[in-house]
Amino acid sequence: MKTIVIGVIGADVHAVGNKIIEYTLHNAGYHVVNIGVLSSQEDFINAAIETSADLILVSSLYGHGEIDCRGMREKCVEAGIGDILLYVGGNIVVGKQNFQDVSKTFMDMGFSRVYPPGTPIDNALNDIREDLGE
Amino acid sequence: MANYLLIDFGSTFTKLCAVDTKAEDIIETASYFTTVDTDITLGYHEALKRLFEKIGKTIEFEQVIACSSAAGGLKMAAIGLVEELTVEATKRVCLGAGAKVDLVFSHHLNKSEIKQIKDKKIDIVLLAGGADGGNSENVIYNAELLGKMGIKIPIIFAGNKSARDEIEEIFSKYEMDGYICENVMPKINVLNIDSAREKIREIFLDKIIEAKGIKKIEQDIDAVILPTPQAVLEAARLLSEGYLGEEGFGDLVVIDIGGATTDMYSICPPTKRSDVLLHGLEEPFAKRTVEGDLGMRYSAPGIIKSLSEQEIKFINKEKGVDIEKEVDARYKNVQSLPENEHDEFIDQFLAEMCAYRAMHRHVGRIEEVFTPMGKVFNQIGKDLTDIKYVIGTGGVVINSKDKESIMIRTTNILHNQAELRPTDPTFMVDQKYIMAAMGLLSKKDPELALKIMKKYIVRI
């Protein structure tokens, strides 16, 4: 069974979407490790190491995603899980910015997939299946 | 009449406590130096002689049981994967089992770390890593290296269950003294203490006390049944929770300032507030921490090491002493007892420092986080603000003329809002030095142990 670490990064306490993601991924047959809200980059990475996770799915709903996610790929490399899949989604930046630019920013930061506001988790699920080879 | 004799073989003193189960009271207590370096029975018989002298006659005991922290206590190495997760979990299990954690390692071990296990004469290794179904590569690698390097001391595997088969193969391939128990962290941030702790206790009783020359005492007594710190933890827990109709004290903290270590125990839930978010590895309800660098004799230099040069100068000027010289004298003569007011003053000061620092490391922290949703509280560790009782034990506290000044150092005297120290507890003292003995007694007759503790642990 493939393992996915999920959580909400930074000083962000939006818990509802987090629960929906957990529910959906669990029902899709994944082992979901939910580290919850107010999680730091280190919390995600530590959980991923201990569980040998295949994917880290970061949620950010309060607009500070860019600051919170910066340097995460580098930390994964340092921690020995440099190849892990990193997804991010939610309201990851403030205001109505052009999503193509936003996506590029996060891709340059080392994220594997970036989702715009309002993406149903089912859309991401297709990508997960594809990326994890199931 | 049924009498019990309860013995604590400490690092410095062998302490005896005779209990009359019919009268539900202590008959008498006595102590003598621990003589484990020569023959542990010598010190025991000397202490017993003193006990009978105090009672005025020889009496028979129906049961004689002991706990021990003699000959360096139980020295363990805690090995996990990630520092904040399985490494922390293994550390907590060791401490909860009454061990001293002399070595802590994370990720892949290297040869120099394994050499330290040999050099420091570690008694037991607790090897974990990986949540169940998670990482098994790391723990297998570590077990393999321990085997290759010829580690023959007991090794307890308490890691990812999926790695168990490979670990068992490694244990038999290298003819290691291996044991298997449940994962200390089966899921992320979930702590599972009991299985590994029980295994540690078994090995301690089967092998370690034998190797340390303590087992010899079992010619003369019924059995050694616990490591001393675990006995104190059992006593603290009983005193807090109560037993059947006999009510306990509720949430409490015990501080035990000894010659080599300062032990801190808290018996309470991590928090009672609903408006905080708990972060990090789950906290045990009965939690023990040990500060190996804070103590009155062997570890007195550690107290000074935690100070800056400026602070030392300030203390020397303020108190009119040469604190480094005083500490050195205590370190060189660990059996010394205060002879005059000056000695007492220094011991008092050192004890206050131990209490302050030990609580600083034991207690949880809270921070306010400002989010777009408003202010939220993020807590790491245990919230002790609501603790009702702080109980002091250990020679220096019991003999101090100003116990309150030591005990108050566990509270928030510096008004550091981030530290969740006890706010306004009642201070109590284990005046007869019986907590370890009552931990032992609790294994036989918890109700009686509780009654006696409630009688002899008194307000200051």
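I count two residues as in contact if their C-beta atoms, placed from the backbone, lie within 7 Å. The model I am reading is predicted.

**Entry 1: the contact between the chains.** I looked up where chain B meets chain A and found 20 residues of chain B in contact with 16 residues of chain A. On the side of chain B, α2 (83-96), β13 (276-279), β15 (365-371) and β16 (374-380) each supply at least two residues. I then sorted this side of chain B by class: 11 residues are nonpolar, eight are polar and one is charged.

**Entry 2: a sheet in chain B.** I traced an open sheet of five strands with parallel pairing, in the order β6-β5-β7-β8-β9. Strands β6 (100-105) and β9 (178-180) of chain B stand at the edges with a single partner strand each, so one side of each has no neighbour in the sheet. From one strand to the next, I note an average twist of 25°.

**Entry 3: β5 and β7.** I followed the parallel strands β5 (residues 75-79) and β7 (residues 124-127) of chain B, which four bridges join. B:Met76 has B:Ile124 of β7(B) as its bridge partner. Helix α4 (residues 137-148) of chain B packs on the sheet and touches β5, β7 and β8 (155-157) of that chain. The direction of helix α4 makes about 155° with that of β7(B).

**Entry 4: the core.** I looked up the largest nonpolar core, which has 176 residues. B:Val125, B:Leu126, B:Leu127 and B:Ala235 have the most contacts inside this core. Helix α11 (residues 341-362) of chain B gives the core its largest share, eight residues. I also listed what B:Leu127 touches beyond four places in sequence; among these residues are B:Ile79, B:Val139, B:Ala143 and B:Phe157.

Note on methods: Residues numbered from 1 in each chain as written. Chains lettered and ligands numbered in written order. Predicted model: local features only at pLDDT ≥ 70, side-chain atom pairs only at ≥ 80, totals over all residues. Pairing = 2+ DSSP bridges. Axes fitted to C-alpha atoms, helices over the stretch in contact; angles between N-to-C directions. Core = buried A, V, L, I, M, F, W, Y, C linked by C-beta atoms within 7 Å. Buried ≥ 20, exposed ≤ 12 C-beta atoms within 10 Å, placed from the backbone. Nonpolar A, V, L, I, M, F, W, Y, C, P; charged D, E, K, R; others polar.
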